[in-house]
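Dear colleague,

Please find below the structure I wished to hand over to you. My findings follow directly after it.

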Amino acid sequence: MDQYKIYRHVLCIDLKSFYASVECALRGLDPFKTPLIVADKSRGGGSIVLAISPFLKAQGLPSRFRLHALPSIPNLIIAKPRMHEYLRVSRDVIEIYLNFVSREDLHIYSIDEAFLDVTAYLKYYRKTSSELAQTILDTILKKTKIPATCGIGDNMLLSKLALDLESKKNASGIAKWHYSDVEKKIWSIKPLSNMWGIGPRLEKRLNALNIYSVYDLAHANIKTLKRQFGLIGEELYYHAHGIDMSVISEGFGMIRHVKSVGLGQTLFRDYSADMVPQIMLEMIDEVAEKLRFMNQEGQTLHLFMRYSKAYGGGFSRQIKLEHPTSDPRDLFQAAWHLMGQHYDDLPVRQIGVRVTQLRLYQPFEQISLFQQMSQKKRRMAYLKALDQIKQRYGQKAIHRLSYLFEHGTALERTQYVGGHHG
C-alpha cells in the first residue's frame with residue numbers, strides 16, 4: 001500500500017458560512033455575533049434558507065431549512081441573496097491565494113472552497129504548513145472580513161477530511177491529518193455518509209455488502225468492490241486507507257471528472273402542451289452551452305417532466321444518441337422524440353434535462369457516410385461564436401427569437417445567478 005502514497009503539503013480552505021459571512025461583512029457586522037440568514041422572503045414561506053451566520057450555527061440552527069420552519073429569533077436579519085456580491089468576494093479570495101501560490105498549485109473546488117499545494121513554498125516562506133495556513137486565513141479575514149477554516153493533509157483527500165471532520169471544531173480553525181492518522185481518525189468514521197464522496201445511495205449499496213464503517217471498507221475485498229462499483233469501488237478502497245494520488249499541478253483533482261450536465265426548472269404556473277417545447281428548447285440551449293464551455297459532448301439525454309399537482313405523475317426517460325454531441329439541435333431532437341413517446345398531454349409544472357456519457361469534444365469524427373467530417377467542426381465554430389458573444393456582452397446579447405414568447409423563461413432567468421437575483 002505504501003507504494004501508492006504521495007507526500008505533499010496540501011491545504012483545503014473553506015470560507016466559513018460564506019454567503020452569510022459576506023452579508024455580515026457588507027453590513028460591518030461580526031458574523032460570530034450576528035443573527036443573520038440568507039433567504040428571499042419574496043418567494044414565500046417555501047423559500048430555502050441558503051446560509052446562516054456562524055452565530056446561529058452555534059445556537060444549533062440547521063444550515064438548510066425552509067423559511068416557514070424558521071423559529072422566532074430576536075433581532076434576526078433576513079438578507080436577500082446577492083449572488084454577484086458573493087462571486088465578487090470569491091474572486092477577491094482567489095487573488096489572495098494567488099499571492100501565496102502559483103495558479104498551477106491552486107484548485108478551485110467551489111465558490112467557497114479551494115485546495116492549495118504549498119509543498120514547494122514552505123522553504124521560501126520559512127514556515128510550516130500550519131503557520132502558512134494561519135497566515136493565509138489571517139490575510140483573508142483582514143482583507144475581506146470573511147472567516148475561514150483549513151484542513152492540512154499529506155494529499156488532497158486527507159486535507160479535505162481534516163477540514164470537514166476536525167478543523168471546524170478546533171478553536172484555531174485548522175486541523176492537520178497524516179497517513180499515520182488513518183486508522184484512528186478515518187477508520188472510525190460511521191455512518192459511511194460522513195465520509196467524503198459517499199452519499200446516501202452509495203451508503204445503502206455498501207451496507208448491503210455488510211460494509212457499515214470506513215474500517216469495514218478498508219478491510220473489504222478490493223476485487224469485490226471493483227466488481228460491484230467499477231473504478232469507483234477501487235477508489236473507495238484506497239480512500240479508506242487515506243490514499244489519493246492526485247497532484248494539483250499535474251492537472252488532476254481528487255474530484256472526479258464531471259459525469260453529467262443538466263438543468264431543472266420548477267415553473268411558476270402550469271404549462272400546457274403547446275408551451276412545453278419552448279421551455280425544453282431554452283433549457284437544452286443552456287445545457288449545450290455548458291457542455292461547450294467544458295469542451296465536452298454527451299451521448300445520452302435524460303428528460304424529466306412532472307405534471308401539475310391537480311393531476312400528479314409524470315415521467316423520466318432517457319435516449320442514447322447515435323453520436324456524442326453538444327449541439328442543441330441534436331439534443332432537442334432527442335428530447336422531442338422522448339416527449340412524443342411518453343408525454344400524456346397534461347399541464348406540466350417541472351422539467352429537467354440532463355446529458356450524460358460525456359467525453360472530450362472530437363471535431364474530426366466521421367458522422368456518417370454522407371456527411372463531411374468538417375461539417376461538425378463548422379457547426380461547432382458557429383455555436384462557439386455565439387457563446388463568445390454571450391460571454392463578452394451578456395446572456396441577453398444574442399438569443400433565439402422564440403425567447404421573446406410570453407411563456408418563455410430564459411430571458412427572465414438571465415437576471416438570476418444561482419437561481420437568485422444578482
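A polar atom of the threonine 144 side chain lies 3.2 Å from the backbone nitrogen of isoleucine 146. Please note that the model is a predicted one. Threonine 144 belongs to helix α5 (residues 129–144). Its relative accessibility is 13%, and because buried means under 20%, threonine 144 counts as buried. Leaving aside residues up to four places away in sequence, threonine 144 touches Ala25, Val89, Asp92, Val93 and Ile96.

Turning to the helices, the axes of α1 (residues 18–27) and α3 (residues 83–98) come within 10 Å and cross at roughly 90°, which means that α1 is roughly perpendicular to α3. From α1, Phe18, Tyr19, Val22, Glu23 and Leu26 take part, and they meet Met83, Glu85, Tyr86, Arg88, Val89 and Ser90 of α3. Seven residues of this contact are nonpolar, one is polar and three are charged.

Helix α3 also lies across β1, β5 and β6, and runs at about 155° to β5. As for the sheet, five strands form an open arrangement in the order β5-β6-β1-β7-β8, with mixed pairing. Its edge strands, β5 (106–110) and β8 (174–177), each pair on one side only. On average, neighbouring strands of the sheet are turned by 20° against each other, direction ignored. Strands β1 (residues 10–15) and β6 (residues 113–117) run antiparallel and are joined by five bridges; aspartate 14 has glutamate 113 in β6 as its bridge partner.

With kind regards

Methods: Residues are numbered from 1 along each chain as its sequence is written. This is a predicted model: local features need pLDDT of at least 70, side-chain atom pairs count only at pLDDT 80 or more; totals for chains, interfaces and linings use all residues. Side-chain values use heavy atoms; hydrogens and water are left out. Axes are lines fitted to C-alpha atoms, for helices over the stretch in contact, and angles run from 0 to 180 degrees between N-to-C directions. Helices (H or I, at least four residues) and strands (E, at least two) are DSSP runs, numbered from the N terminus. Angles under 35 degrees count as roughly parallel, over 145 as roughly antiparallel, 65 to 115 as roughly perpendicular and the rest as oblique. Contact means heavy atoms within 4.5 Å. Ala, Val, Leu, Ile, Met, Phe, Trp, Tyr, Cys and Pro count as nonpolar, Asp, Glu, Lys and Arg as charged, and the others, Gly among them, as polar. Buried means under 20% relative accessible area, exposed over 50%, partly exposed in between (1.4 Å probe, protein chains only). A polar contact is a pair of N or O atoms within 3.5 Å; within protein, one must be able to donate a hydrogen and the other to accept it, and residues adjacent in sequence count only if both atoms are side-chain atoms. Two strands pair if DSSP finds at least two bridges between them.
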